[in-house]
Amino acid sequence: MSKGKSLYSLLALISFGIIVYVSYINFIYDPQAEKFLSHKEGLKRPLQLPLWLNVMYVHVVFACMALVTGLLNFSTKLLHRYRKFHRVNGYVYVVSVFMVAFTSGYMAPYSTGGKASSVAFNMLNIIWPFMTGMAIISIRKKRLIQHRKWMIRSFAYCFTNTSIHLITFVIHKGLGFAYVNSYTISIYCSLIILPILAEIVIRVTLPRTKQTSH
């Protein structure tokens with residue numbers, strides 16, 4: 001099995017696990033997000049809980065859609081056999097990314113960790129749609145390799161929430177930092193780590209001759 005296929009299989013397994021876990025936590029185990037909201041302190045504006053929860057549900061659904069559609073469009077078999085599906089699915093991914101960014105923009109001011117976390121999330125809300133937009137521009141210009149590279153960079157941010165919670169757990173439980181501080185640090189760490197991982201994937205999965213082509 002090639003490195004690309006092995007990585008795709010691993011991503012598919014991880015993605016499936018994330019979707020199952022996130023769906024269970026947000027819609028079955030804690031639909032009112034009581035545990036997550038318990039860490040929010042010193043909010044400068046009152047939290048309208050019903051509205052915030054509805055926005056969060058929309059956020060979660062589109063985040064899962066971005067993960068699924070993004071993963072499907074990296075399938076070589078689907079690309080070769082069902083090009084129309086690949087194209088339509090790609091636009092669903094784009095819409096999902098922008099919806100995640102839009103809903104995140106609403107929730108950012110209420111972020112755990114206050115302004116520092118809010119700024120980090122708003123940075124993400126700019127970077128992720130930008131990378132996705134670059135993927136669209138590249139494919140419209142028939143720059144297939146550049147399109148794939150930008151899609152890899154964009155798709156990496158589908159794992160932002162997972163990355164944040166994993167890093168928070170390590171810093172909070174492993175290093176003994178306060179949860180709020182751990183959460184804030186984890187957001188900035190994710191903003192750095194995820195694009196680095198994307199570049200590593202690009203180098204591993206794309207031949208060097210293609211990496212430099214336009």
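1. Buried here means under 20% relative accessible area, exposed over 50% and partly exposed in between, with a 1.4 Å probe and protein chains only. On that cut-off, buried residues make up 40% of the 214 residues in the chain.

2. A word on ground rules. This is a predicted model, where local features need pLDDT of at least 70 and side-chain atom pairs count only at pLDDT 80 or more, while totals for chains, interfaces and linings use all residues. Numbering runs from 1 along each chain as its sequence is written, and side-chain values use heavy atoms, with hydrogens and water left out.

3. On the fold: the chain has 10 helices and 0 strands (DSSP runs numbered from the N terminus; H or I of at least four residues for helices, E of at least two for strands). Its radius of gyration, taken over C-alpha atoms, is 18 Å, close to the 17 Å that the globule rule (2.2 Å times the number of residues to the power 0.38) gives for 214 residues, so the chain is as compact as a globular protein of that length. The C-alpha trace spans about 50 × 35 × 30 Å along its principal axes.

4. Contacts (heavy atoms within 4.5 Å) reach well along the sequence: of those between residues at least 6 apart, 69% join residues at least 24 apart.

5. Now the core. A nonpolar core is a set of buried Ala, Val, Leu, Ile, Met, Phe, Trp, Tyr and Cys residues joined through side-chain atoms within 4.5 Å. The largest one has 46 residues, and Trp52, Tyr93, Trp128, Phe155 and Cys158 have the most contacts inside it. Helices α1, α3, α5, α6, α7 and α9 each supply at least two of its residues, with α3 giving the largest share, 10 residues.

6. Not counting residues up to four places away in sequence, Tyr93 touches Ala66, Thr69, Gly70, Trp128, Thr132, Met151, Ser154, Phe155 and Cys158.

7. Two of those partners deserve a look. Ser154, in helix α7, is buried at a relative accessible area of 0%; beyond its neighbours within four places, Ser154 is in contact with Tyr93, Trp128, Met131 and Thr132. Gly70 sits in helix α3 and counts as buried at 1% relative accessibility. With the neighbours within four places left aside, Gly70 is in contact with Met65, Tyr93 and Phe155.

8. Last, charges: the chain has 23 positive and 4 negative side chains, and the centres of the two sets lie 25 Å apart. Lys and Arg count as positive, Asp and Glu as negative, with His and the chain ends not counted; each charge is placed at NZ of Lys, CZ of Arg, CG of Asp or CD of Glu.
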